[in-house]
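Subject: Structure handover

Hi,

Here is the structure you will be working with. My notes on it follow below.

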Amino acid sequence: MDLNLRGKNVLITGSTQGIGRRVANLFAEEGANVAICSRSPESVRKAVKEIALLADGHVTGAPCNIKNKEDYEAWIDDMSEELGGVDIFVPNVSAGAGMDSEKNWWKNFEIDVLGTVRGVEAVIPLMEQRGGGSIVMISTTAAIETFMVPQAYNAMKAALITYAKQLSQAHGDRGIRVNSVSPGPIHFDGGAWDMIRISNERFYQKTEKTHALGRLGTPEEVARAVVFLASEGASWITGVNLVVDGGYTKRVQF
Ligand SMILES: NC(=O)c1ccc[n+]([C@@H]2O[C@H](COP(=O)([O-])OP(=O)(O)OC[C@H]3O[C@@H](n4cnc5c(N)ncnc54)[C@H](OP(=O)(O)O)[C@@H]3O)[C@@H](O)[C@H]2O)c1
């Protein structure tokens, strides 16, 4: 199957490590032009260099804290100008989980929800100029099934799934598809679940056993789902939430 990503322009936020980085790697390997960001200039420089070795498309990036509206919009404008437009957008940054009550509600609203909304509002006119496009939001299985404790992360990530569905209805007639991917627990060195493995091995092992497939997922396994949904291989798929969790969640997904 040809995903037809050669020459497509892709913007991915939070893309120097973890899932966002593997998404950027895979788009580049498929021949797309890729723009990345994170808050650390050094990490961005290093990641751009490494991704550029993977393929022959254009790879660029700049430091940007998506919390800052002006900087974020400037990053989108700059990346779009350098690549020559935007075809695909993956808003991947999250403030992460946390249980400090109000502080976390504000953080998850500002970063996860508003960060996604601001990015989407900036890229939609750019996609319209290209005659269409594709957006893939990154939610989580913590949004769709009870996970640990009541917390802002779970609820704010749930908001993204609803937002994506509504966007898909509002912008479909202009050739813009909008979907979500909800990963279950994902392990990679230095990631959140690596920390949990070190600090609370029993919980980590229990979580592994909860998966139908008996292990945590990898960022590559999530990236493959994101890249497929973003691509023309998924041309007839819009408004879905694709759960990528190795059977971690137990609900029947009608
Ligand atoms: N890991 C999991 O198990 C899991 C499961 C389900 C869903 N998810 C979701 O998948 C997405 C990626 O998670 P991950 O675990 O791969 O993340 P991660 O390892 O924490 O990586 C986050 C990336 O985003 C950058 N970043 C963080 N805050 C930023 C900001 N304010 N502005 C710009 N860049 C920022 C980080 O670089 P700097 O720190 O240098 O800025 C890094 O490149 C998130 O939306 C998360 O909720 C993850």
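Start with Asn9. Asn9 is buried, at a relative accessible area of 2%. Buried means under 20% relative accessible area, exposed means over 50%, and partly exposed lies in between (1.4 Å probe, protein chains only). Asn9 sits in strand E1, residues 9–12. Strands (E, at least two residues) and helices (H or I, at least four) are DSSP runs, numbered from the N terminus. The Asn9 side chain makes two backbone contacts: the oxygen of Leu83 at 3.2 Å and the oxygen of Gly85 at 3.1 Å. A polar contact here is a pair of N or O atoms within 3.5 Å; within protein, one must be able to donate a hydrogen and the other to accept it, and residues adjacent in sequence count only if both atoms are side-chain atoms.

Some ground rules. This is a predicted model: local features need pLDDT of at least 70, side-chain atom pairs count only at pLDDT 80 or more, and totals for chains, interfaces and linings use all residues. Residues are numbered from 1 along each chain as its sequence is written, and side-chain values use heavy atoms, with hydrogens and water left out.

Now the ligand. It is surrounded by 26 residues; Thr16, Gln17, Arg39, Tyr153 and Lys157 are the closest. A residue counts as near if one of its heavy atoms lies within 4 Å. By class, the shell has 11 nonpolar, 13 polar and two charged residues. Nonpolar covers Ala, Val, Leu, Ile, Met, Phe, Trp, Tyr, Cys and Pro; charged is Asp, Glu, Lys and Arg; the others, Gly among them, are polar. Helix H1 (18–29) and helix H5 (152–171) each supply at least two shell residues.

- Lys157: a side-chain N or O atom is 2.7 Å from a ligand oxygen.
- Ile19: a polar backbone atom is 2.8 Å from a ligand oxygen.
- Ile66: a backbone N or O atom is 3.1 Å from a ligand nitrogen.

Alone, the ligand exposes 890 Å², and the protein buries 84% of that. Areas come from the Shrake-Rupley method with a 1.4 Å probe; for residues, only the protein chains shown count as cover.

Back to H5. Leu160 is in this helix and is buried, at 4%. Leu160 and Thr116 are 44 residues apart in sequence, yet 8.0 Å apart C-alpha to C-alpha.

Last, H4. Gly131 follows this helix, with a positive phi near 80°.

Best wishes
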